[in-house]
Amino acid sequence: MIRSARGVPSRVVAPTAYTRRTMLRGSVATLSAALCPLAAGQTPLPAIPGKPGLKVLSERPINAETPAHLLDDAVTPAERMFVRNNGIPPDTSAIDPLAWTVELAGESCVRPTKLTLRELKDRFQHVTLQLQVECGGNGRSEFHPPARGNQWTTGAVACPRWTGVRLKDVLDYCGITDEAVYVAYEAADTHLSGDPTKQPISRGVPMHKALEAETLIAWAMNDEPLPPLHGYPLRLVAGGWPGSVSGKWLKRVLVRDRVHDGPKMGGQSYRVPCDPVAPGATVADEDMCIIESMPVKSLITHPRSGSRHERGKPIAVRGHAWAGDLGVASVFTSVDFGATWQPTDLEEPANRLAWQHFSTAIAIPTPGYFEIWARAVDENGRSQPVVLPGWNPRGYLNNACHRVALAVA
Ligand SMILES: Nc1nc2c(c(=O)[nH]1)N[C@H]1C(S)=C(S)[C@@H](COP(=O)(O)O)O[C@H]1N2
Ligand SMILES: [Mo]
């Protein structure tokens with residue numbers, strides 16, 4: 001588990017007071033704009049073809065997040081999955097997917113070899129699982145002082161159904177020595193600098209995560225070949241850990257005899273202070289620890305923030321909750337800024353490491369501005385915090401409660 005900073009009280013974000021004031025001035029549009037990090041008047045970047053409604057955060061590399069109300073599906077469709085790239089995606093438009101090769105190598109692989117996608121499909125048992133992928137930086141935009149990087153709000157999370165083979169079965173085939181510590185990926189995307197000797201990212205997981213029954217080498221998402229932006233024709237999926245371990249455009253699987261040392265494994269990338277630090281602190285690389293299982297979190301996907309409702313009339317509230325390697329035990333909602341909390345109906349996950357759906361109905365008897373907050377608790381009794389959790393230099397692991405704003409008339 002990570003040793004992330006949880007004990008340090010950090011500043012509460014301002015939108016509550018701000019949106020209340022905005023409400024007095026008027027429209028639902030300004031209300032929703034008030035909860036949106038894009039300042040009014042800012043021109044949005046052009047949309048990604050096939051991804052209507054996603055908000056593009058950067059074009060080079062291409063990164064885009066999904067507004068909460070577009071994540072309402074139980075199983076995330078491809079067109080609503082966020083896009084996160086550290087480099088330039090490879091051009092796979094002309095490849096023969098079945099001839100795509102993945103190399104098994106590394107100090108602790110007994111029989112280094114290459115397998116084609118056809119061989120992967122022929123030799124190993126096929127597995128289909130719904131697995132949750134969340135970027136480690138999801139929620140970064142709320143940190144103060146701000147952290148550089150993509151300013152994700154809540155939309156760098158998805159839970160599609162993946163089909164492939166177990167990484168474990170493939171590792172058994174290559175054979176792993178007693179010295180094996182980590183399993184890493186190398187991929188076909190290229191570095192932003194254009195330098196062909198540099199990789200944009202090459203990360204990995206410790207053996208116990210690599211050998212889990214749910215860690216997959218996948219070629220399909222929701223029964224279709226992986227979309228180009230999501231790793232076509234082959235990727236890793238390790239649910240519940242930062243998305244950065246789920247390598248897209250998979251070319252090599254390395255069984256390492258040490259903690260993997262590829263690009264974005266060290267320094268400040270995907271790492272948080274081992275001991276809590278004060279907001280704004282400078283932290284030496286050697287005091288940073290690798291993020292592993294992600295913390296408990298939830299997202300309200302209905303109603304949409306900024307929507308208008310009739311007083312006294314029941315409003316259907318629903319969303320998803322997830323908790324890294326753990327299950328979610330309960331989800332509560334509050335309509336009084338956390339003064340009181342009501343339990344919701346929480347479903348079992350489709351399988352381990354899938355997100356879980358919650359639903360409830362609320363009726364607000366009086367007119368005015370309201371917020372719905374959701375708070376999930378994991379199976380170990382650990383809750384989402386209401387305010388920002390421990391500040392860290394790169395703005396990872398913000399699992400504060402999600403809030404949507406409502407106008408009741
Ligand atoms: N080859 C490669 N794999 C990668 C990345 C990348 O830049 N290159 N980004 C990682 C990160 S940081 C995340 S959050 C997920 C995002 O997956 P998605 O773009 O399919 O949503 O892919 C991961 N796998
Ligand atoms: Mo990520």
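Trainee: Is G368 buried, exposed or partly exposed?
Mentor: G368 counts as partly exposed, because its relative accessibility is 22%. Here buried means under 20% relative accessible area, exposed means over 50%, and partly exposed is in between, with a 1.4 Å probe and protein chains only.

Trainee: Before I go on, what kind of model is this?
Mentor: It is a predicted model, where local features need pLDDT of at least 70 and side-chain atom pairs count only at pLDDT 80 or more, while totals for chains, interfaces and linings use all residues. Residues are numbered from 1 along each chain as its sequence is written, chains are lettered from A and ligands numbered from 1 in the order in which they are written, and side-chain values use heavy atoms, leaving out hydrogens and water.

Trainee: Thanks! Which strand has G368 in it?
Mentor: G368 sits in β24, residues 368-378. Strands are DSSP runs of E with at least two residues, helices are runs of H or I with at least four, and both are numbered from the N terminus.

Trainee: And what does G368 touch, sequence neighbours aside?
Mentor: Leaving out neighbours within four places in sequence, G368 is in contact with L406, A407 and V408. Contact means heavy atoms within 4.5 Å. The C-alpha atom of G368 is also 6.5 Å from that of A409, although 41 residues separate the two along the chain.

Trainee: Why is β24 described as largely enclosed?
Mentor: Because 10 of its 11 residues are buried, β24 is largely enclosed by the rest of the structure.

Trainee: Which strands pair with β24?
Mentor: β25 (residues 402-408) pairs with β24 in the antiparallel sense over 7 bridges, and β20 (residues 328-334) is antiparallel to β24 over 6 bridges. Two strands pair if DSSP finds at least two bridges between them.

Trainee: Which residues could I click on to see that?
Mentor: On the β25 side, E371 stands opposite A405, and F370 has L406 as its bridge partner.

Trainee: Switching topic: which residues come nearest to ligand 1?
Mentor: F82, N86, D189, H230 and K248 come nearest, out of 20 residues around ligand 1. A residue is near a molecule or strand if one of its heavy atoms lies within 4 Å of it.

Trainee: What are the distances to its oxygen atoms?
Mentor: A side-chain N or O atom of K248 is 2.5 Å from an oxygen atom of ligand 1. For a polar side-chain atom of H230 the distance to a ligand oxygen is 2.7 Å, and for a polar backbone atom of R84 it is 3.0 Å.

Trainee: Now the core. How many residues does the largest nonpolar one have?
Mentor: The largest nonpolar core has 38 residues, and L120, L167, V170, I217, L234, L250 and V253 have the most contacts inside it. Helix α4 gives the most to this core, with 4 residues. Such a core is a set of buried Ala, Val, Leu, Ile, Met, Phe, Trp, Tyr and Cys residues joined through side-chain atoms within 4.5 Å.

Trainee: Which residues of α4 are buried?
Mentor: In α4 (residues 167-174), L167, D169, V170, L171 and C174 are buried. After α4 comes G175, with a positive phi near 80°.

Trainee: And what does L120 touch?
Mentor: Not counting residues up to four places away in sequence, L120 touches V102, L115, V165, V170, I217 and L234.

Note on methods. A polar contact is a pair of N or O atoms within 3.5 Å; within protein, one must be able to donate a hydrogen and the other to accept it, and residues adjacent in sequence count only if both atoms are side-chain atoms.
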